[in-house]
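Reader: I am new to this structure. Please walk me through the terms used for it, one at a time.

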Amino acid sequence: MDQISQKIVNLKDEIVKTRRYFHSHPETGWFTFFTTAVIADKMAKMGFDVKLGREVVDPDARQGLGSKEDCEKYLKRARTLLNEEQAKYLDKMEDGLTGLVAEIDTKKPGKLVAFRFDIDGVDVTECKEETHRPFKDGFRADIDGITHACGHDGHITIGLFTAKLISENLDKFQGKFRFIFQTAEEGTRGAVAMEKAGVVKGVDYLLGGHIGFQATTMKGIICKTDKLLATTKFDVILTGKSAHAAGAPQEGNNALLAAAQMALNMHGITRNAKGVTRINVGVLKAGEGRNVIAPNAYLACETRGETTELNEFMKNECDKIIKGVSEIYGVKYEVKVTGGTSGGDSDYEVAQIYENAAKQSPFIDNDKIENELSFGACEDFAHFMHAVQNQGGKSSYLMIGTTLKAGHHNAKFDFDEDSLLAGIDVFVRSAYAINKNENK
């Protein structure tokens, strides 16, 4: 065991404690006030230059915002959890501008290496059974309706300890390191607004990944994730005209029938020969009474595509259907985009860096290293990756092997905390591979 892995082993108790601390106080979406403040405080104390609020989020580009009432409620909750030093960071998080970017400069020429870690929980009430370790060991979520059921508490921890091992050994590195702690990953709502604020501008290498997903074996890793699907999440609100269903049906404009026709037509969109496409209308609500022509309707929809262009094809086809059906039924429509991200493939160069790091790591077995995987799902990281690749940089998304007690977004979700050591180890070794100070 070399110095890198030995340092990580020595930190294991602190690593586990940190993960459980964040697990105990989950937040979702744009309301990650407590999480952002704690991370900001820790990163600043490590010597990083921390940026928050409008410096790292474009307010007008945010998607899927909650209500002002909920924003105030979760801000108030955060204040009860934070100490005075941490709470000072809340002032920059106006109107839910959560998430942060922290950067450290070695003052030596080199690459700009960025890491991205998501920080939000999901809208799930965590299990309260004695067989569920977080409940049994006293670190279950302190609030119902929200939990870290996707491992983002682990991602935060990996990010913080990767930063710690870089900052404490800064003389051994060159270039710059940027840590992006992204909020609102669930529902793919956060990356667009942070990218538009310039958080990946100038990045040469963007590193990121996830605990679990298809990597479900301890001491395993997937180095190159491809076929990250692009997606657009959107709501359709229809306004028709009510009328008596028997006495004067001709005077109404039926929003329910319009919504039903839209749903059927969307699911009938011709697929594209250039790659995988998806469409789903997951919710349709309409009407006010049995004998009333429905004056309103609501649809919750999403499109996906193997590439950003294919997703745009699907969304454009949906827009045509919404407009055309609305005209036919005489209803007004409003489309609200609530989330979305780009698609694409990881770069071989970065995947090779991950693979070499994994081969050096005592926390990963060589026979459990997978070179690449076709994901076929969406992840907000892809938007950052797409932006970095478009400006000439390189990026790859890895998956860190772990055993799971239940699937992602399940009330009984939990993972083997030894996988945190593997994630930290691979990222630190990757940092050395790209930005090692050859004079040390």
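Reader: Is Glu355 buried or exposed, and what makes it so?

Author: This is a predicted model, where local features need pLDDT of at least 70, side-chain atom pairs count only at pLDDT 80 or more, and totals for chains, interfaces and linings use all residues. Residues are numbered from 1 along each chain as its sequence is written, and side-chain values use heavy atoms, with hydrogens and water left out. Now the term: buried means under 20% relative accessible area, exposed means over 50%, and partly exposed lies in between (1.4 Å probe, protein chains only). Glu355 has a relative accessible area of 11%, so it is buried.

Reader: What makes the contact of Lys359 with Glu355 a salt bridge?

Author: A salt bridge needs a side-chain nitrogen of Lys or Arg within 4 Å of a carboxyl oxygen of Asp or Glu. For Lys359 and Glu355 the N to O distance is 3.2 Å. That is within 4 Å, so the pair counts. Side chains of opposite charge can pair when their charged atoms come close.

Reader: Where do Lys359 and Glu355 lie?

Author: Both are in helix H11 (residues 348-360), 4 residues apart, about one turn of the helix. Helices here are DSSP runs of H or I with at least four residues, strands are runs of E with at least two, and both are numbered from the N terminus. An α-helix has 3.6 residues a turn, so residues three or four places apart point the same way.

Reader: Why is Lys359 called partly exposed?

Author: Its relative accessible area is 45%, so Lys359 falls in the partly exposed range.

Reader: How do you know that Lys227 and Glu306 form a salt bridge?

Author: Their closest N and O atoms are 3.7 Å apart, so the pair meets the cut-off. This pair links distant parts of the chain, 79 residues apart. Lys227 is in strand E7 (residues 225-228), while Glu306 is in the loop between strand E10 (296-305) and helix H10 (308-329).

Reader: Which residues does the "binding site" annotation cover?

Author: The unreviewed UniProt entry lists Cys150, His152, Glu186, His210 and His409. UniProt positions are given in the numbering used here, feature names are shortened, and annotations may be inferred rather than shown by experiment. The residues are spread over 260 residues of sequence, yet they cluster in space, with a largest C-alpha distance of 13.7 Å.

Reader: Is His210 buried or exposed?

Author: His210 is at 1% relative accessible area, so it is buried. It lies in strand E5. Beyond its neighbours within four places in sequence, His210 is in contact (heavy atoms within 4.5 Å) with residues including Cys150, His152 and Tyr397.

Reader: Why is helix H12 called largely enclosed?

Author: 7 of the 10 residues of helix H12 (residues 381-390) are buried, so the rest of the structure largely encloses it. Among the buried ones are Phe381, His383 and Met385. Just after H12, Gly392 takes a positive phi of about 95 degrees.
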